[in-house]
Amino acid sequence: MKKIIIITAAFLGLVFTACENELDLNSPNDITTDQYWKTETDAQAGVNSIYAMFYKDGLWARWIYFRLDLTSDEGYSVSPWTELADWTRFNYINYNFWEGNAVTWRDTYKAIFRCNQVLANVPNITFQNEDDKKKIIAQAKFFRALHYYYAAVIWEDIPLVLDPSTPSDLPQQKKVAEIWAQVEKDLNEAFADLPASWSQDQLGRPDKGAAQAFLAKTYMQQRKWAEAKTALEYLITGAGAKYSLVSNYRDNFTDVNENNTESVFEIQFGDQRKGGTGEDQNAAVSSNRSQFFAPRGIGWSDGQARIWLVNAFKQEKNKDGNLDVRLRWTLYYPQLLADFGDKTYNRNWEWNNDEAWFRKGSRDYYRDNEDYYNQVNYRLVRYGDILLRYAEVLNELGNTSQAYQYVDMVRARVNMNTLAVAHPEIGNNHDLFLERLKTERVLELAGESVRWEDLKRWGDLDSQASVDKIALRDPDFKNFKVGKNHRMPIPQVDVDNNPNLEQNSGY
């Protein structure tokens, strides 16, 4: 069934962005904040405006994928737009570069601003049903946590803004540990009041499972393994154990079977509006990712996959002696036609040496090109990821033997042998299991915007020796400076204009 897109009224952009730019001038016809926030309808429209931020250029419509996918060792760019490509290979010169940094920073804090407006104003509105009010507030807390989560992953030490901003504010910079603490607080409070599930006409809103999933991710980035175990168990064996792997792996990456049993939280995209990414009534609610990541002649081809991913898939055959089917639905690569009988976007293709492209989320199943209006939902968290995370946590807690079964569930879906059969050398060795799990996460999750946080969590960016190993499969990491490039620079204009901000070290 086609998903429901959460629609935001056109005037919300005027209401909720009035304080985001010092140069904004209020029209006498605009609705001001003191006139707004009176009714339940105002509150619902206010929380819906937070969802609208997913469709902005700096976030999940376009540019954040360059940070999370292409900066990692899974992807890279050979875009003729040199400055854009440089921002995927750690050559940061202009810290205010819009597409590489500043617009994602801006839209992150715009989203947080909208969350803060809901949290500041909705408690004062009278509702007929208090549970409805609690759900709106819980959604705002969830999304504030979500946006701070990705901000912490990308920039680390950032301003922690918890009240609606004004143009004169000079927010204090906080250490990343304080950001994580706030994310934990917001998610725990959101969990208490979010429903266990939503009705069919409200699909796309976060539920208790989504809150626990992001809690687990937050704990894991801090290596709080025991806390992460508790959060993950809610999803796997606890009260929230409603998830299961879909039988067809590809169903996670098209618009045919969205919001399925494997989905923990996904962004609802649609192609019914073909406008821009502003605040008007015709603003698009679609993803541009495939337009920018599609092969040349089909899309802009500004981002592509590393060939080592293809080789990783081919290291092990399935139970029938065939290739891992996940390779087919993860990447376009030179042997795709020979291996699986698939043409790239139904075309005969001239390949360059050692090139590959991300296939997940593309529309090659009924189109021979891409555009800015991809309607395929983006799964931010799915159950396959949760199972592998649980295996990682168990291994870190000394329960390696118990961890196998959760990896095996993921492998069984695609007809792979059990881990013990395929890799008996691992045994109960923590380090060997973790190294194999790193590969298992690539095979299951490549191109799904989790690799950068994985590399950070594993400490693979913390020493020259480990970075040198990454550089063997991704030459861009020869530019990586340990102690500097594990986080992005803060846009310099913000540092210059706010005496309470310091540029991240090394920049």
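## Salt bridges in this model

A salt bridge here is a side-chain nitrogen of Lys or Arg within 4 Å of a carboxyl oxygen of Asp or Glu. This is a predicted model, and by that rule the count comes to 53 salt bridges.

Take Glu392 and Arg457: their side chains pair up in a salt bridge at 2.8 Å, N to O. Glu392 sits in helix α14 (residues 383–396) and Arg457 in helix α18 (residues 451–457), so this pair ties together parts that are 65 residues apart in sequence. Glu392 has 0% relative accessibility, so it counts as buried; Arg457, at 2%, counts as buried too.

About one helical turn separates Arg457 and Asp454, because they are three residues apart in helix α18. Both Arg457 and Asp454 are buried. Through shared partners, salt bridges link Lys217, Asp385, Arg389, Glu392, Arg441, Glu453, Asp454 and Arg457 into one network.

Another pair to look at is Asp364 with Arg359, where the closest N and O atoms are 2.7 Å apart. Both of these residues, Asp364 and Arg359, are buried.

## How α5 packs on α6

Now for a helix pair. The axes of α5 (residues 98–121) and α6 (residues 130–154) come within 9 Å and cross at roughly 155°. That angle makes α5 roughly antiparallel to α6, and their crossing is left-handed.

On the α5 side, the contact residues include Tyr109, Ile112 and Leu119, while those in α6 include Ile137, Phe143 and Tyr148. Sorted by type, the residues of this α5–α6 contact come out as twelve nonpolar, three polar and two charged.

Methods:
Residues numbered from 1 in each chain as written. Predicted model: local features only at pLDDT ≥ 70, side-chain atom pairs only at ≥ 80, totals over all residues. Heavy atoms only, no water. Axes fitted to C-alpha atoms, helices over the stretch in contact; angles between N-to-C directions. Helix = DSSP H or I, 4+ residues; strand = E, 2+ residues; numbered from the N terminus. Parallel < 35°, antiparallel > 145°, perpendicular 65-115°, else oblique. Left-handed = near helix turned anticlockwise from the far one by under 90°. Contact = heavy atoms within 4.5 Å. Nonpolar A, V, L, I, M, F, W, Y, C, P; charged D, E, K, R; others polar. Buried < 20%, exposed > 50% of the residue type's maximum accessible area, 1.4 Å probe, protein only.
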